[in-house]
Amino acid sequence: MIEAKQAGRARARQLRDEEELSLREICAVLEAEDIRPKRGERWHPEAVRRMLANSTDKPPTLHPRQRTA
């Protein structure tokens, strides 16, 4: 699952940077290449924007909850 997500992010970045496609065009290409989003059946431009805005390819770090006395 993580590999597929990273592949989708890498392809979306390539489409944005090298081919200068819009978010809607990136959605269309990802769907045509059968790269599926994490949720749902279709890519949404806002989901692509958020994915591209994430500066790291690593999942967020989870911090343990603080115990209260």
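Figure 1. Of the contacts in the protein with a separation of 6 or more, 47% are between residues 24 or more positions apart. The model is predicted. The protein has 3 helices and 0 strands. Along the sequence the pattern reads α-α-α. Buried residues make up 25% of the 69 residues. The protein exposes about 5900 Å². Carbon and sulfur atoms supply 50% of that area.

**Figure 2. Arg16 pairs with Asp17.** A search of the whole structure finds 6 salt bridges. One of them joins Arg16 and Asp17. Their closest N and O atoms are 2.8 Å apart. Arg16 counts as partly exposed, because its relative accessibility is 33%. Asp17 also counts as partly exposed, at 48% relative accessibility. Side chains of opposite charge can pair when their charged atoms come close.

**Figure 3. Glu20 in the loop between helix 1 and helix 2.** Helix 1 covers residues 2-17, and Glu20 is found in the loop between helix 1 and helix 2. Phi of Glu20 is near 55°. That is a positive value in a residue other than glycine. Is the Glu20 residue buried or exposed? Glu20 counts as exposed, with a relative accessibility of 67%.

**Figure 4. The buried face of helix 2.** Ile26, Cys27, Leu30 and Glu31 are buried in helix 2. Seen down the helix axis, these buried residues fall within an arc of 130°, so they line one face of helix 2. Arg24 and Ala32 are exposed on the other side of helix 2. An α-helix has 3.6 residues a turn, so residues three or four places apart point the same way.

Figure 5. The side chains of Glu31 and Arg42 meet in a salt bridge, at 3.1 Å from N to O. This pair links distant parts of the chain. Glu31 is in helix 2, residues 23-32. Arg42 is in the loop between helix 2 and helix 3, and the partners are 11 residues apart. Arg42 is exposed, with a relative accessible area of 62%.

**Figure 6. Asp34 follows helix 2.** Helix 2 is followed by Asp34, whose phi is positive. The value is about 60°, although Asp34 is not a glycine. Asp34 has its place in the loop between helix 2 and helix 3. Asp34 counts as exposed, because its relative accessible area is 54% and the cut-off for exposed is over 50%.

**Figure 7. His44 and the backbone of Glu46.** His44 lies in the loop between helix 2 and helix 3. A polar atom of the His44 side chain lies 3.0 Å from the backbone nitrogen of Glu46. What separates the C-alpha atoms of His44 and Ala28? The separation is 9.4 Å, and the two residues are 16 residues apart along the chain.

Figure 8. The side chains of Arg49 and Glu46 meet in a salt bridge. The N to O distance is 2.6 Å. Arg49 and Glu46 are separated by about one helical turn, because they are 3 residues apart in helix 3. Arg49 counts as partly exposed, at 40% relative accessibility. Glu46 counts as partly exposed, at 27% relative accessibility. Which residues are joined into one network? Glu46, Arg49 and Arg50 are, through salt bridges that share partners.

**Figure 9. The two sides of helix 3.** Pro45, Val48, Met51 and Leu52 are the buried residues of helix 3. They cover an arc of only 125° around the axis, so they sit on the same side of helix 3. Which residues are exposed on the other side of helix 3? They are Arg50 and Ala53. Arg50 also belongs to the salt-bridge network with Glu46 and Arg49.

Terms used
Residues numbered from 1 in each chain as written. Predicted model: local features only at pLDDT ≥ 70, side-chain atom pairs only at ≥ 80, totals over all residues. Heavy atoms only, no water. Salt bridge = Lys/Arg side-chain N within 4 Å of Asp/Glu carboxyl O. Buried < 20%, exposed > 50% of the residue type's maximum accessible area, 1.4 Å probe, protein only. Helix = DSSP H or I, 4+ residues; strand = E, 2+ residues; numbered from the N terminus. Arc of directions from axis to C-beta. Polar contact = N/O pair within 3.5 Å; in protein donor to acceptor, adjacent residues only side chain to side chain. Contact = heavy atoms within 4.5 Å. Areas by Shrake-Rupley, 256 points an atom, 1.4 Å probe, with all protein chains shown as cover.
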